[in-house]
Amino acid sequence: MRDPRDPLGEQVEIVVASGKGGVGKSTIAAVLAVELYRSGYRLVAADADAEAPNLHLALGVDKWDSVEPYYEGRVAFIRRDICTNCGICAEVCPFGAVEVRNGNYVINEWICEGCLTCSFACPVKAIRYRFKVKAGEIKVAGTRYGFTLVSGESMPGRPNSGKLVTEVKNRAKSLLGRSGVLLVDAAAGIGCQVISSLTGAHIAVLVAEPTPASFSDLKRIHKLTKHFMLAPMLVINKFDLNERFTKVIEEYAEENNIPVVAHIPYDENVPKALNMGRPLHEAFPGSSAAKGVLEVVSYIKKEVLPNWRRWWSTYKPKKPEIYVPIIK
Ligand code: SF4
Ligand code: SF4
């Protein structure tokens, strides 16, 4: 018998993802977060797009309760008292981080990835490292809707934003506690931030538009969700802009056992709601797009969360998609 005050009894991680950017992920994530929380689920939202975070904008968060620096990695510098200006470090640096300034070789800290190559090559061992470089920030805010938002923001030029996303998720999980929904708004693409978003998650809400570019990116992100054994559902946004291509995406979903849970029409109210800093269904409750996004909420509330493990086992891949690195 489930405890009505704790209907899940464990953490369930739902990731809103799309291969392509600008297809409405944050709009959908904001509405999902507000409505699942209102339905009685404990919930923490995590913005896992550390290079372009915007879930806080969709939720109207303009003040953070805490902002903590995130330190990671190292950058090289040259000891002037040892360097002989031979230029070998500039030749070997794979990132072009070594520059000549005023006749001396110096390392541009914005570009340096701390890969150690130059220090192995330097004949006089003149290269040293600064550790604990500020790579970003982890921000936490209580939203006006009652749940907490954790967001990451990487510093310009710093590598490893995937690790920052992992930290953001870990912080969100610890704030969530033993059970509830962790709702993750992933970055676009299939890079390290997205991989960090999908790692350990259970359910993917994949968002696509009926365009060849979005369909191609959908297939790439779907492949990644199969590698991490997530059960996917599909939302087709702006479906009415190209109904022929919507059909193509629907056929792909059917062939791949992905339930299509909502068709959202094109609606000019979507960018207006973002500009107002309000979730779409709050800003324009009767709009056609808001109704479409609420179909996603309704599906998750009715079909997924009452017995999410059964739903997951119905739609998860039969076996993980194997990733084989191609090495030349
Ligand atoms: S540590 Fe790597 S990236 Fe940085 S300057 Fe040296 S070779 Fe270039
Ligand atoms: S390789 Fe070493 S000695 Fe040569 S320019 Fe670079 S830091 Fe200076």
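Around ligand 1 of this predicted model there are 13 residues, of which Cys93, Cys112, Cys115, Thr117 and Cys118 come nearest, a residue being near a molecule or strand if its C-beta atom, placed from the backbone, lies within 6 Å of it. By class, this shell holds ten nonpolar, two polar and one charged residues, where Ala, Val, Leu, Ile, Met, Phe, Trp, Tyr, Cys and Pro count as nonpolar, Asp, Glu, Lys and Arg as charged, and the others, Gly among them, as polar. Residues are numbered from 1 along each chain as its sequence is written, while chains are lettered from A and ligands numbered from 1 in the order in which they are written. In this predicted model, local features need pLDDT of at least 70 and side-chain atom pairs count only at pLDDT 80 or more, whereas totals for chains, interfaces and linings use all residues.

The chain contains twelve helices and 13 strands, these being DSSP runs numbered from the N terminus (helices, H or I, at least four residues; strands, E, at least two). Taken along the principal axes, its C-alpha atoms fill a box of roughly 70 × 45 × 40 Å. Of the 328 residues in the chain, 45% are buried, a residue being buried if 20 or more other C-beta atoms lie within 10 Å of its own, exposed if 12 or fewer, and partly exposed in between, with C-beta atoms placed from the backbone. Among contacts with a separation of 6 or more, 76% are between residues 24 or more positions apart, two residues being in contact if their C-beta atoms, placed from the backbone, lie within 7 Å.

The largest nonpolar core comprises 81 residues, and those with the most contacts inside it are Ala33 and Leu183; such a core is a set of buried Ala, Val, Leu, Ile, Met, Phe, Trp, Tyr and Cys residues joined through C-beta atoms within 7 Å. Helix α1 (residues 25-38) supplies the largest share of this core, nine residues. Apart from its neighbours within four places in sequence, Ala33 is in contact with Leu43, Ala45, Phe147 and Leu183. A second, separate core of 13 residues includes Ala76, Tyr105, Ile107 and Cys118.

Nine strands form an open sheet with mixed pairing, in the order β3-β8-β9-β2-β10-β1-β11-β12-β13, where two strands pair if DSSP finds at least two bridges between them. Strands β3 (66-71) and β13 (260-264) stand at the edges, each with a single partner strand, so one side of each is left without a neighbour in the sheet. From one strand to the next, the twist averages 20 degrees. Strands β1 (residues 11-17) and β10 (residues 180-186) run parallel and are joined by six bridges, Glu13 having Leu182 in β10 as its bridge partner. Helix α7 (residues 212-227) packs on the sheet, touching β1, β11 (203-208) and β12 (231-237), and its direction makes about 170 degrees with that of β11. Helix α8 (residues 243-255) lies across β11, β12 and β13 and runs at about 170 degrees to β12; axes are lines fitted to C-alpha atoms, for helices over the stretch in contact, and angles run from 0 to 180 degrees between N-to-C directions.

Six of the seven residues of strand β9 (residues 148-154) are buried, so β9 is largely enclosed by the rest of the structure. Strand β2 (residues 43-48) runs parallel to β9 and is joined to it by four bridges, with Val150 in β9 as the bridge partner of Ala46. Strand β8 (residues 134-142) pairs with β9 in the antiparallel sense over seven bridges, and Gly136 stands opposite Ser154 in β9. The hairpin of β8 and β9 has five residues between the strands, and in it Gly146 takes a positive phi near 110 degrees.

Asp185, in strand β10, is buried, with 28 other C-beta atoms within 10 Å. Not counting residues up to four places away in sequence, Asp185 touches Val16, Lys25, Ser26, Ala29, Asp47, Ala48, Asp49 and Leu55. The C-alpha atoms of Asp185 and Thr27, which are 158 residues apart along the chain, are separated by 9.7 Å. Glu13, in strand β1, also counts as buried, with 22 C-beta neighbours inside 10 Å, and, with the exclusion of residues up to four places away in sequence, Glu13 touches Leu182, Val184, Gly200, Ala201 and His202.
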